[in-house]
Amino acid sequence: LNCIVLTRPGNLVDSRMFVDVGCLSYVMASLSSFCEGVRQYGYCCLSRLWKHLESSKFIEKPQVMLLMEVLRNSVSTSNQRLPHLNTAFVSRVAELALHPEHHLYLVINHFMLYKPSLDLKDIPLFMTLLHSSSPQVCVVNAA
């Protein structure tokens, strides 16, 4: 509920901080809720945040907006309930969007640029990460 109040039109929102403290991840995770009202709040908050992002200025803004656009393109019906796996993925990507030093940043950025939407019946990046010989991905596979 606080996220929807924060993103109300007319409120001054530090969009980068909204992402950095995990609010965007929290809102994205709400899209997999079984409760229709929770999903409505989530979609409303994302819509409002998009408007705030359009007028904000921070270095990672293109990555955050790309992630939100990919998510928006993945939704086919109003108030659609998304699979938990997909919302967990986009929530984690939202956290990584502000950290270009992260070892998966380039892999995820390439994935987001390559596909305009998520296949909601697929595990995002699973095969790519499983079969990759890239040094950045080997760190994850070894863990």
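**Figure 1. A salt bridge joins the side chains of R16 and E60.** In this predicted model, the N and O atoms of the pair are 3.1 Å apart. R16 belongs to helix α2 (residues 15-20), while E60 sits in the loop between α4 (36-55) and α5 (61-74), so the contact ties together parts that are 44 residues apart in sequence. E60 has a relative accessibility of 10% and counts as buried, because the cut-off for buried is under 20%. The pair is also part of a network of salt bridges that links R16, D20 and E60.

Figure 2. R72 is partly exposed, at a relative accessible area of 46%. E69 is partly exposed as well, with a value of 35%.

**Figure 3. In helix α6, R92 is paired with E95.** The two side chains meet in a salt bridge with an N to O distance of 2.8 Å. What separates R92 and E95 along helix α6? They are three residues apart in this helix (residues 84-96), so the separation is about one helical turn. R92 counts as partly exposed at 41% relative accessibility, and E95 counts as partly exposed at 34%. Side chains of opposite charge can pair when their charged atoms come close. A search of the whole structure finds four salt bridges.

**Figure 4. Helix α6 carries a set of buried residues.** This helix has 13 residues and reaches 18 Å from its first C-alpha to its last, close to the 18 Å expected at 1.5 Å a residue. Which residues of α6 are buried? They are N86, T87, F89, V90, S91, V93, A94 and L96. The cover over these buried residues includes α2, α3 (23-29), α5 and α7 (105-114).

**Figure 5. The largest nonpolar core contains 35 residues.** Which of its residues touch the most other members? They are F18, L24, M28, L46, V64 and M68. Two or more residues of this core come from each of α2, α3, α4, α5, α6 and α7. V64 is one of the residues listed above. Leaving out residues up to four places away in sequence, V64 touches V19, L24, L53, F58, A97 and L98.

**Figure 6. The whole protein chain has nine helices and zero strands.** Read along the sequence, the pattern is α-α-α-α-α-α-α-α-α. The protein chain has 143 residues, and buried residues make up 44% of them. Among contacts with a separation of 6 or more, 66% are between residues 24 or more positions apart. The accessible surface of the chain comes to about 8400 Å², and carbon and sulfur atoms account for 61% of this area.

Technical notes:
Residues are numbered from 1 along each chain as its sequence is written. This is a predicted model: local features need pLDDT of at least 70, side-chain atom pairs count only at pLDDT 80 or more; totals for chains, interfaces and linings use all residues. Side-chain values use heavy atoms; hydrogens and water are left out. Helices (H or I, at least four residues) and strands (E, at least two) are DSSP runs, numbered from the N terminus. Buried means under 20% relative accessible area, exposed over 50%, partly exposed in between (1.4 Å probe, protein chains only). Contact means heavy atoms within 4.5 Å. Accessible areas come from the Shrake-Rupley method with a 1.4 Å probe; for residues, only the protein chains shown count as cover. The expected span of a helix is 1.5 Å times one less than its number of residues. A nonpolar core is a set of buried Ala, Val, Leu, Ile, Met, Phe, Trp, Tyr and Cys residues joined through side-chain atoms within 4.5 Å.
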